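User: I'd like to learn how to read a structure like this one. Can you walk me through it, feature by feature?

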Amino acid sequence: MASDTDDLIVERPEGLYCPPGRFHIDPWRAVDRAVITHAHADHARAGHRHVLAVAASEPVLRARLGSVPMQGLGYGEVVQMNGVRVSLHPAGHVFGSAQVRVEHRGRVWVASGDYYLSEHDESNPTCAAFEPLRCDCFVTESTFGLPLYRWRPQHETLAQINAWWRDNARECRPSLLAAYSFGKAQRLLAGVDASIGPIVVHRSVDAMNAACRAAGMRLPATLAWSAIESRAQLSEALVIAPPMALADASMHLLGGASRAFASGWMQLRHHRRQRGFDRGFVLSDHADWPGLQRAIRATGARRVIVTHGHEAVMVRWLREQGLQAGTFATPFGAAPDGDADPVADSP
Amino acid sequence: MMRFTALSARLECANSEVQRIDALRDYLAGAPPGDAAWAVALLAGRGLGRLLRAEPLCESAVRAARVERWLFDTCLEASGDIAETIAHLLPPARRAESNSLASWIDDRLLSLPECSVPTACERALQWCDLLDPAGRELLVRLMLGRWRAMVDESLLLQALAQHAGIDIRLLRLRWPEWTNPRLRPDASRLAAVLRPQPTPAEERAQAYPFAALQTVAASATSSAELEGGAAAWLVRTRHGNCRLQLVRRAEGAWLWSSSGELLNRRCADILAAAAELPVDTVLEGELVGTGLVVVDLLELGSLNLRDRPYVERMARACDLPLVHPIALAPEIGIEGGTSPVPLLARCRSRGVHGLLLLRRDAHYGAAQALMHLLPPPMRAIAAVRTAQSVVDSDGAVRLELGLAVWDQRPHDEAGLAAALRSMATGARLGVGQQLVPLAKLRLDPPAPGDAADLHADGLLGWIQEATMQRFGPVRLLRPGRLCEIEFDDLEPSARRKSGFRLTGVRLQRWRSDCSLMDVDDVQRMRGLLAPEVSTGATP
């Protein structure tokens, strides 16, 4: 399927590639021109010679990529690349995340990157909502591509988190919430009731918060973990840290804390049990099964290519719906920062 | 139903006994009595039986969820649980209904066996449409007979006793009747179980308050310190197991432990033998294996013997028709009226843990009339070999150290150096080169607010520095830090690499003055085994 010569996006050893436009999308090896959909480590890798990305996400991307020449685009703004019209559109996944729309000789392809959509009319409050784009071929993620994954409205999950935090605070028990440092952490910060108690963040979350604040995101006030000296300061606090940091020796002050994890994977009991958390809150930045179907339907595409997560299931299901479907083998989701992998840890 | 679903969720999340009991108490305080009755029955392990078979229910769920069978099976494989799969796959509930648990079970679920299979499945799925995913999961589990209580009986009893404000021993007495599977749980039966006033018969079934047992370390005692001299005392072996009172009445027999547990179910043999005792007999003894070793007689034929001297009580006990597995504890003579301490060494054998001293002329419960003479603790020097942070059952984070001794102590410094070299390079270790795991030691976390304790000793720093390899959470450490441990007993154990199981291990002190050559070896540990055992089948 990927070898089709007329295809606007194909799979190459270094990543997804647009042959007429001569650029890559989220390549996993260093290339000349890369279009980056968002700042998660599995999508934004360092070493490219030129990067095109959403202008607003530049501070966050810089934190990962360093001083690479970067061209920022507004959502919907069009650039010509070797005769191909390229534009970036909101994906609703994390701050500054984009779908890549590629148009060449009347044909339109869209690479979704990671996106968030569910059957409820709601969006991730830290970024612009997913924008459905009409296209001939839709290259989609499918991290949660099983009907088991159906998100409850996010206000319900946030209410659960607030209730959990409030209960813990009443009993002077720190509330330790594991969440990936970019994306989920900010979504939680924006969503929780900051009047319950102080919010403490791990240094990796703090770094990402600084970048997000620099880019204009409004987040409640937080304390840095490094400023904490005694257990007493934590007794009513919500501590947000990436999952891997929980094994850190400096976390010994959190003995007796209630530990929770916010991720789409928490939908299933065995994922909750696997990590040994006291609580699992189902909150994802990825589309659930109804969201994936809704997004695919909205594109009107006759052809769909699945990049990562339950590809075989998704492809078989799409074919049963009468669509032309295939896969690209990508390493997306194998990396640490999105909630793509239930057992992956943040660096 | 929603309330019970919430309780299940809370029990599943709870990570301490206190949280579990709180969850149960909150539920009992808020639930209507009929619901509480069913909830207590379910939590006590009563199932509804298998009301539906899984396969037809899955078939119906596939149709209701409008997915293909292969997709359902893929989901089932991903979640590993039928109830969870069905709960998530069915379309979201169209209307929420908050019927009571009792009406769900009595009016709906228990009517399922009367329906044909297709009707039953259809009803089951209609009911799922009234519940959120957590409620559905619970419902499907109940219907398939796969529901399991997430709380053990002792916690449930504690919560019930606290809720109703009654003595837990009274509750334990009434429990067998409540759990009778032939009787349906309802509010009036639960109220009867929880009524605060005991009947006269219930009062008579209780044990007498246990006499205080004084524990004395052998080193702290000599015959001179025994009031009235050694001759005033009677000596028996003590196994260190739980103390029991066997109460035999006309209505039945009850076996109580000193902590207020009722052991009737666990000790059926003793209960059967109790039938041979005269009515209104109360014996006290110790559980040894599955038998009762009697050390005292408190009541006989409704005659209260507790204010009689011990020798008189035991004289009467000797006349009792005791049948296996109830037996009188043998008496050990103190030769020449000397101290009982030398006896400790003589009666060391597997399972025996010191001596029980009873004053001959004392009434039951008299002060300083009942003593448990502990054997001196054993000691060993061991090397710290592994370290790991563990979350204990109380939620506290503790440091768990794995201690090791030599399989065979190296002969000289050269041998030691060779052994250390092999350990460092990961070479195959021969005899005399291995430190075999002996015991685990949990250290308390530093007090809240000051992490200085452990750090001051440099233990955490040393662990970081001495880590040779990590296996998940476990660090394998370069041997170097030695400690002296104290333990109560050791038994042979084929499951352990060292060949021993240690009980009551505690840290005596760190031994920075020792070298690895001073660490004990397996042979020395074997010498500590009780004599009878080491001649037996040692692995």
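User: Which elements of chain A have the lowest and the highest mean pLDDT?

Analyst: Some ground rules come before that. This is a predicted model, where local features need pLDDT of at least 70 and side-chain atom pairs count only at pLDDT 80 or more, while totals for chains, interfaces and linings use all residues. Residues are numbered from 1 along each chain as its sequence is written, and chains are lettered from A and ligands numbered from 1 in the order in which they are written. pLDDT is the predictor's confidence in each residue, from 0 to 100. Helices (H or I, at least four residues) and strands (E, at least two) are DSSP runs, numbered from the N terminus. In chain A, the lowest mean, 84, belongs to helix H5 (residues 269-274), and the highest, 97, to strand E8 (residues 84-90). Over residues 335-347 of chain A the pLDDT is below 50, though this stretch has 45 contacts in the model beyond near neighbours in sequence. A contact here means two C-beta atoms, placed from the backbone, within 7 Å. For chain A as a whole, the mean pLDDT is 88, with 92% of its residues at 70 or more.

User: What is chain A built from, and why call it compact?

Analyst: Chain A has seven helices and 19 strands. Its radius of gyration is 20 Å, close to the 20 Å given by the globule rule for 347 residues, so chain A is as compact as a globular protein of that length. That radius is taken over C-alpha atoms, and the rule is 2.2 Å times the number of residues to the power 0.38. Along its principal axes, the C-alpha trace of chain A spans about 65 × 45 × 30 Å. Take the contacts in chain A between residues at least 6 apart in sequence: 61% of them join residues at least 24 apart.

User: How is chain A divided into domains?

Analyst: Domain bounds come from an automatic or database domain assignment. Chain A gets domain 1 (10-149 + 285-327) and domain 2 (154-281). Their C-alpha centres lie 29 Å apart, and 18 residues of domain 1 are in contact with 18 of domain 2. Chain B is assigned domain 1 (2-144), domain 2 (214-374) and domain 3 (378-534). In chain B, the C-alpha centres of domain 1 and domain 3 are 48 Å apart.

User: Are Leu373(B) and Ala96(B) buried or exposed?

Analyst: Count the other C-beta atoms, placed from the backbone, within 10 Å of a residue's own: 20 or more is buried, 12 or fewer exposed, and in between partly exposed. Leu373(B) is buried because 23 lie within 10 Å; this residue sits in strand E10 (residues 370-374) of chain B. Ala96(B) has 11 within 10 Å, so Ala96(B) is exposed. Ala96(B) lies in the loop between helix H6 (82-89) and helix H7 (101-108) of chain B. In chain A, 53% of the 347 residues count as buried.

User: Which residues touch the most other members of the largest nonpolar core?

Analyst: A nonpolar core is a set of buried Ala, Val, Leu, Ile, Met, Phe, Trp, Tyr and Cys residues joined through C-beta atoms within 7 Å. The largest has 158 residues, and Leu177(A), Val239(A), Ile240(A) and Ala39(B) touch the most other members. Helix H3 (residues 33-43) of chain B gives the most to this core, with eight residues. A second, separate core of 49 residues includes Ile270(B), Ala273(B), Ala317(B) and Leu356(B).
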